[in-house]
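I opened my notebook and the structure side by side. These entries record what I looked up.

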Amino acid sequence: MKTFWITILLLGMLPTLYASAAGADDRNMAPNPSFESPPAIQGTAVPDGWSFFTTQVNGATLSRQTKHSGEQSLRLATQKIPKMFQGLTFSRAVSGEKKYVFSVYTISDKTDPFGGSAYMSLIIEWKRADGTEISRSISKIVDAGLSRLRWEIVALDGVVAPKGAVQAVFGIHLNDGPTGGKGAVLIDDVRIEELGTSPETTGDFAHSNQFKLHRPTQPESHDRSPAR
Ligand SMILES: [Ca+2]
């Protein structure tokens, strides 16, 4: 009888223990989301948990000069060469037909402002079990109109994984554009979250519109398709 009551007591505590452990940030699947590791040093650096790619120049460093949270942020400098591109990716398993949020905070480097024809965007590549791509979701771009004074959110909010998707590559892409980029962007506080399949379930930006968060000052006449 004593064991019975102890069991009841322990079972009763389980939801409390679970609830206390399950903070809002437990839902963030992004690795090293605040780019706090490795510690910023001179020269280029790839943040822990992420893969880096580039056509020519590695523009990635960790910066302590400006950050949205913590002690450092990711600085991505343009290559200053037409049509070049680079970026960071993170691959993980996903479930087809579920909704996902992918967002970052970004700001122009005030000591070396982001400009020229450069543009940055978030891309999710949805993949089948055999690794082939089904489709991709592309965020609004940020370009020379990016603020140097306040952090802005770029978000793919509540995008639905296509049926059959089992893997996704979440990428932060920086393109130099047709005439070459200038300056650098700073990026911090990545959020990757899987939402429920219920239509009532919404993300942190449920009441915002990703296309209202940033208004480019230039017409989007340039090619916004991700270079491969
Ligand atoms: Ca940070």
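**Entry 1: a loop residue.** In which loop is Lys83 found? I found Lys83 in the loop between E3 and E4. Before going on, I noted that this is a predicted model, where local features need pLDDT of at least 70, side-chain atom pairs count only at pLDDT 80 or more, and totals for chains, interfaces and linings use all residues. Residues are numbered from 1 along each chain as its sequence is written. The labels come from DSSP runs: helices are H or I with at least four residues, strands are E with at least two, and both are numbered from the N terminus.

I checked the backbone next. Phi of Lys83 is near 70°, a positive value in a residue other than glycine. Lys80 lies in the loop between E3 and E4. Lys80 has a positive phi of about 65° and is not a glycine either. Most residues other than glycine have a negative phi, and most peptide bonds are trans.

Then I looked up exposure. A residue is buried if 20 or more other C-beta atoms lie within 10 Å of its own, exposed if 12 or fewer, and partly exposed in between, with C-beta atoms placed from the backbone. Lys80 has 15 C-beta neighbours inside 10 Å, so it counts as partly exposed. Lys83 has 15 such neighbours inside 10 Å, so it is partly exposed.

**Entry 2: a cis bond.** I stopped at Pro38, in the loop between helix H1 (2–21) and E1. The peptide bond from Ser37 to Pro38 is cis, with omega near 0°.

**Entry 3: the whole chain.** I counted 1 helix and 12 strands. Of the 228 residues, 36% count as buried.

**Entry 4: the sheet.** What is the order of the strands in the open sheet of 5? I read E1-E4-E10-E7-E8, with antiparallel pairing. Strand E1 (51–54) and strand E8 (133–138) stand at the edges with a single partner strand each, so one side of each has no neighbour in the sheet. The twist averages 25° from one strand to the next (axes are lines fitted to C-alpha atoms, for helices over the stretch in contact, and angles run from 0 to 180 degrees between N-to-C directions).

I went through the pairs; two strands pair if DSSP finds at least two bridges between them. E1 and E4 are antiparallel and share 4 bridges. There, Phe53 stands opposite Gly87 in E4. Strand E4 (residues 85–93) joins E10 through 9 bridges, also antiparallel. Ser91 faces Val169 of E10 across this pair. Strand E7 (residues 119–127) pairs with E10 in the antiparallel sense over 9 bridges. Here Ile124 stands opposite Phe170 in E10.

Is strand E10 (residues 167–175) mostly covered or mostly open? It is mostly covered, with 7 of its 9 residues buried.

**Entry 5: the core.** A nonpolar core is a set of buried Ala, Val, Leu, Ile, Met, Phe, Trp, Tyr and Cys residues joined through C-beta atoms within 7 Å. The largest one has 46 residues, and Leu76, Phe102, Ile124 and Val185 touch the most other members. Strands that each supply at least two residues of this core include E4, E7 and E10.

I followed Phe102. Leaving out residues up to four places away in sequence, Phe102 touches Leu122, Ile124, Leu156, Phe170 and Ile192 (contact means C-beta atoms, placed from the backbone, within 7 Å).

Note on methods: Contact = placed C-beta atoms within 7 Å.
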